Amino acid sequence: MADYDIPQELRYTREDEWVRIEGERVVLGITDYAQQQLGDVVFVELPAVGATLERGEPFGVVESVKAVADLFGPVSGRVVEVNATLADEPELVNQDCYGDGWMLVLEPDDPAEVEALLVASDYRQHVKDRAE
Amino acid sequence: MSGLRRTPLFEVHQQLGGRLVPFAGFELPVQYRSILEEHAAVRERVGLFDVSHMGQLHLQGRGATAAVEWLVSCPVASLQTGRVRYGCLCNESGGVVDDVTVYRLGDEHWFLCVNASNIEKDYRWIVRHTPAGVDVRDRSGETALLALQGPASAAVLAACSDVDLGALPRFAFTRAKLGASEALVSRTGYTGSDGFELYCSSADALALWETLCLAGAAHGLAPAGLGARDTLRLEAALPLYGHELDDETSPLEARLDRFVKLGGAPFLGGEAIARRKQTGHAKLLVGFELTERGIARAGHALSHARAEVGVVTSGAPSPTLQKSIGLGYVPLALADPGTRLEVLVRGRSIAAQVVQTPFVRGSVRVVRKEGSRG
């Protein structure tokens, strides 16, 4: 399996998003595996502040030169911050997917949904299963 | 990926870390490191593509020249040995069976380089419309094809060839020895930049690839995949069969007038093409660019004044222009540059306007005004 960065302290979805828990809020983006699979990201479409996300429902789109990928809500919640820089610098998703390439900050509706997200070792296994 | 065919360079693609995807029944690299980097390498320096999936159909024997003249939309009887021309195989209703490059190997010996997805279809079509005395042979399986494309491609060949290939005019070809490999070298391509296509036997493909990589190292040569091939040809507004061209579309609707000999020698489909022209075409291919953020993709609807008027056949971000471009069919009245259109992307309407094509004028060195598959 190719080498993918999967930080220990983050939580994950089967749709290749990462979630960082920061008190009552969560930050989210797409994983290193996802950005490598996509290739050069050239366009990111995100909801506006105040929008609501439903767990498992599409809320935005990431496009690379060749591919279009939906973004799915990792948990239900309200958008409180959007990374507006990605509109002009979508390549940040490739360059720093866990840092400057973050996408949204959410206020989750239900802390239990956050708790149910995958831990790093489970996500690593999920990536490995698909690579084989 | 079972059931997929592999080119003689499959293992090279694996070693280079190419991302292999199914394409036209073959397992081929869509990219190695980055489509954007590979695209830039071709526009600025030189890129090397394995396009061995493309087909080569030979016609040989007395009557071959007349057969080819009847089969393709471009004039060929006037072509000298050692010259290439681009044209279409057309059906009786004036649609396009395939778009091809036609090579004259001798008085009565020709070969057509055809799209991988159409090899069997074209072979059957050609056999059906060629007199029995002409030998029609599919040599796709035993032939490899490498495309060396970009402004430095002539310099790369100068470093490894026994012939002065830099002097080869555009749309001409010759045999050459490159390192230990024999190849038929043609000054053609599908990128809009200067470049060469090199045909060799499958057995020689690996040696030829390595010779070119070695000679290209000093020129910043990068292996390039199908992803960059597609963005490059789109910037040059070169049609892709199955997108801009199909069995229903007239080559004139696709703006290939320069490659259709209306008024010249009769050819298969020519009467229907002329009739359709006289009746008036229902649609015309246009190039457009988005004037708002977003990316148009094949299949998206095109609208004008909120009425749906056509469809996107190809679309991508242009790495050279740093904006979104596309090709699509619209009614004649909306085909003029400057016309406002909208692309419907996921339920949203994004502003676009018709522009002149090609979108990017590459570094093609026009030696003779002939053909467009450059």
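This is a predicted model: local features need pLDDT of at least 70, side-chain atom pairs count only at pLDDT 80 or more; totals for chains, interfaces and linings use all residues.
Chain B contains eight helices and 19 strands. The C-alpha trace of this chain extends over about 60 × 50 × 45 Å along its principal axes. Buried residues make up 51% of the 374 residues of chain B.

In soluble globular proteins, nonpolar side chains tend to be buried together. The largest nonpolar core holds 134 residues, and the members that touch the most others are B:Val68, B:Val72, B:Val102, B:Leu146, B:Leu148, B:Leu198 and B:Leu208. When neighbours within four places in sequence are left aside, B:Leu146 has contacts with B:Leu48, B:Phe49, B:Asp50, B:Leu198, B:Leu208, B:Trp209 and B:Leu212.

In chain A, three strands form an open sheet in the order β4-β6-β7, and their pairing is antiparallel. Strands β4 (41-45) and β7 (68-72) of chain A lie at the edges with a single partner strand each, so one side of each has no neighbour in the sheet. From one strand to the next, the twist averages 25 degrees. Five bridges link β6 (residues 58-64) of chain A to β7(A) in the antiparallel sense. A:Val62 has A:Ala69 as its bridge partner in β7(A).

Key. Residues are numbered from 1 along each chain as its sequence is written. Chains are lettered from A and ligands numbered from 1 in the order in which they are written. Two strands pair if DSSP finds at least two bridges between them. Helices (H or I, at least four residues) and strands (E, at least two) are DSSP runs, numbered from the N terminus. Axes are lines fitted to C-alpha atoms, for helices over the stretch in contact, and angles run from 0 to 180 degrees between N-to-C directions. A nonpolar core is a set of buried Ala, Val, Leu, Ile, Met, Phe, Trp, Tyr and Cys residues joined through C-beta atoms within 7 Å. A residue is buried if 20 or more other C-beta atoms lie within 10 Å of its own, exposed if 12 or fewer, and partly exposed in between; C-beta atoms are placed from the backbone. Two residues are in contact if their C-beta atoms, placed from the backbone, lie within 7 Å.
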